[in-house]
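Please keep the sequence and the model in view while reading.

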Amino acid sequence: MRQITGNKLLVRALKEEGVDTIFGYPGACTIDISDELYKQNDIRVILPRHEQALVHEADAYARTTGKVGVCLVTSGPGATNLVTGLATANYDSVPLVCFTGQVARHLIGNDAFQEVDIVGITRSITKYGVTVRRREDLGRIIKEAFYIARTGRPGPVLIDLPKDVMGELGSAEYPENVNIRGYKPNTSVHMGQLKRALKMLKKAKRPLFLAGGGVNIARANAVFTEVVDKTKVPVVTTIMGRGAVPTTHPLFIGNLGMHGAYAANMAVSECDLLFSIGTRFNDRITGKLHAFAPKAQIVHIDIDTASISRNIHVDVPIVADALEAVTKMNEYVEPCETEKWMKQIEAWKEEHPLTMKNRAQMGPKDIIDEMNRQFDDAIIVADVGQHQMFVAQYAEITEKKQMIMSGGLGTMGYGFPGAIGAQLGNPDKKVIAVSGDGGMQMNIQEFATAVLEELPLILCVFNNEYLGMVRQWQKLFYGKRYGMTNLRSGALYRRTNGEEMPEYTPDFVRLAESYGAKGIRVTKKEEIAAAFEEAKKNEKTPTLIEFIIDPEELVYPMVKPDGTLEEMIIEC
Amino acid sequence: MDNNMKKRWISLYVENQVGVLSKISGLFSGKSYNLDSLTVGTTEDPTVSRMTIATVSDDETFEQIKKQLNRMVEVIKVIDFTDIFVRMKEILYVKVLKCTPEDKVEVFQIAETFKAKVIDYGRDSVLVEFVQTATKNDAVVKLMKEEFRTIEVVRGGSVGIESISMMER
């Protein structure tokens, strides 16, 4: 029988799995794999400029294509730089397979050069992780990794590859089937439970759908929208669930939670049946637990049994994939009487509509409104912070649009690499990243990747010279003591009392230009539309648009930390 | 969350692989679950290990522990031992040091009472082996600590298996 090295088998396995793009950064322990990848043309290899950005790129690639994202990094620091990205993907249920180099087996445990126990380090933030200790296990382990990553509740899998195992000759066969005795993801829906839930839905006077990220991951949006149309039951979404029904849908109320719409949070507090799909009732959406949906019976559909009845008590639990469940629901649902209930919801919307004060100065909403006007076929990638909440509140997510962000972990620095991954996976879509001046600087080196890959991204940087979300808390709850949040503070500011400051730190426009990208600075409302138009014309390189905004713009409404959903700060 | 705080047992079938023990114990520490005792050994199938885990928790946390264990790829099966008939024992060694002749007599009496075995004997020391429930072992340790000046204790942790004849635990 023909024998090949582990390195060759790995490349073969990637092709068998249909991998078309991998994100890799080389090193001593993976140089042989780089060499094998060099010899072939089926798999595109992207070279980011930092492993953290690398894993975010693979993550966004996976989120926006539905494929498994693949990473290849070297041992030691290459591997540890994955940690934040793995946790990000794990929290948001993103399928990744990450290959890490490892020192040869006889060196493991010797504190060898660039040796770390990466499987041990990432045990609690991966769905599965394993070191390949025998060449004969390699094919099976890779096969299982892809299967585990994409099935059930998706998640990141890490495979650690000792250099000598990969150099060893062994079978060229890549297995066709997977059989893992401890891992049998659920693929059916308990019809009895589902029918019981639908009966409750029909009987309810104030029913409400709560859609989480699971609906988007399962790509159940279209069917779910049909269910909503048939039942006439209004919908609130989590931030990760935004787009479960088009945000322009008349039955869509808004996002719930800490920065949810007033009407959405009121609807949760007043509903008598909360029919939830694909959410884990994170503390940012529930507020104080005892006061969450106090009048409601709760139905909860989730693929992960451990997410059910964990934070809140559930009356009807249903373990199922969102698409499976919603498809079955679509067969059985009947119209519900929701006219009176909708009137109440409309009244809440009128009482406190989701909006920002219209001021002469350019505000976040002006920018996002223009984005909504100009782009109807786009992927929006948000970073983390105030701008993320503005996007989550105001970006219209209709059928051809998708919004991604680090929802669970809240990883600053996700936005820019996320946009790169999204664009690589969707060359025909417009990809727009929205970031703050803080998060933008956490992975700014990726300009090199974006420029060299000729990605026509639009990078919107909301620059207010502050770490705005923390500043918002300081303004509201910490007596305006802006400790550690001013991005212009430092010895220079103290020595010169702010009088000898450079105009910008950094000058984002010149920085973009230094990489060969285009940079535009916008300071007035009237310039927004033109800036987007200009960015659209720039088809071969990224365009950074820096919007200078006022740090006093806050995200409202806001549920106080540890408050109940009903006690929202509407405005100061 | 003090509703129904009590000791509960789980029997776990897991893949006999490097890192699995660490993953299971890491789940308990990472999610702040109490881990009272954990034993592990291979089964008749050398690729499978079986663990007996004792934890003090309330109903909700215990449900969550079982679900979290179940979703681990390396976990093959989770059996809740709390409300079923099981045989469960723990091995306990107590070495009594610096014994007077009177002490030795007492050690033998204790061993006889608890149906334990005296398995080793020196000029001024005695080694006793107890195989009984962990609760009884707790009592023995407490007693012997009070009775003797210097003792050395090592415990194995409970191992359990479902009973055949539905007898008492």
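Which residue in β12(A) is the bridge partner of A:L210? The partner is A:S276, and the setting of this pair is described below. The model is a predicted one, in which local features need pLDDT of at least 70 and side-chain atom pairs count only at pLDDT 80 or more, while totals for chains, interfaces and linings use all residues. Residues are numbered from 1 along each chain as its sequence is written, and chains are lettered from A and ligands numbered from 1 in the order in which they are written.

Chain A contains 24 helices and 22 strands; these elements are DSSP runs numbered from the N terminus, helices being H or I with at least four residues and strands E with at least two. Its C-alpha atoms fill a box of roughly 75 × 70 × 40 Å along the principal axes. The radius of gyration of chain A is 25 Å, which agrees with the value near 25 Å for a compact globule of 572 residues; this radius is taken over C-alpha atoms, and the globule rule is 2.2 Å times the number of residues to the power 0.38. In chain A, 54% of the 572 residues count as buried. A residue is buried if 20 or more other C-beta atoms, placed from the backbone, lie within 10 Å of its own.

Strand β9 (residues 207-211) of chain A is mostly covered, with 5 of its 5 residues buried. A:P207, A:F209 and A:A211 point one way from β9(A), whereas A:L208 and A:L210 point the other way. Two strands pair if DSSP finds at least two bridges between them. Through 5 bridges, β9(A) pairs in the parallel sense with strand β12 (residues 273-277) of chain A, and the A:L210 and A:S276 pair joins these strands. Strand β10 (residues 235-237) of chain A is also paired with β9(A) in the parallel sense, over 3 bridges; there, A:A211 has A:T237 as its bridge partner.

Further along chain A, strand β19 (residues 518-522) is largely enclosed by the rest of the structure, because 4 of its 5 residues are buried. It runs parallel to strand β20 (residues 543-548) of chain A, to which 5 bridges join it. Between β19(A) and β20(A) the chain passes through helix α24 (residues 528-537) of chain A, giving a right-handed β-α-β crossover. Right-handed here means that, with the strands pointing away from the viewer, the path from the first strand over the helix to the second runs clockwise.

Chain B has 4 helices and 9 strands, and buried residues make up 25% of its 169 residues. Its C-alpha atoms fill a box of roughly 55 × 40 × 35 Å along the principal axes. Four of its strands form an open antiparallel sheet in the order β2-β3-β1-β4 (chain B). At the edges lie β2 (37-42) and β4 (75-80) of chain B, each pairing on one side only. Strand β3 (residues 48-57) of chain B is joined to β2(B) by 6 bridges, and B:L38 has B:I53 in β3(B) as its bridge partner.

Finally, the two chains meet. The contact takes 14 residues from chain A and 15 residues from chain B, two residues being in contact if their C-beta atoms, placed from the backbone, lie within 7 Å.

How values were computed
A residue is buried if 20 or more other C-beta atoms lie within 10 Å of its own, exposed if 12 or fewer, and partly exposed in between; C-beta atoms are placed from the backbone.
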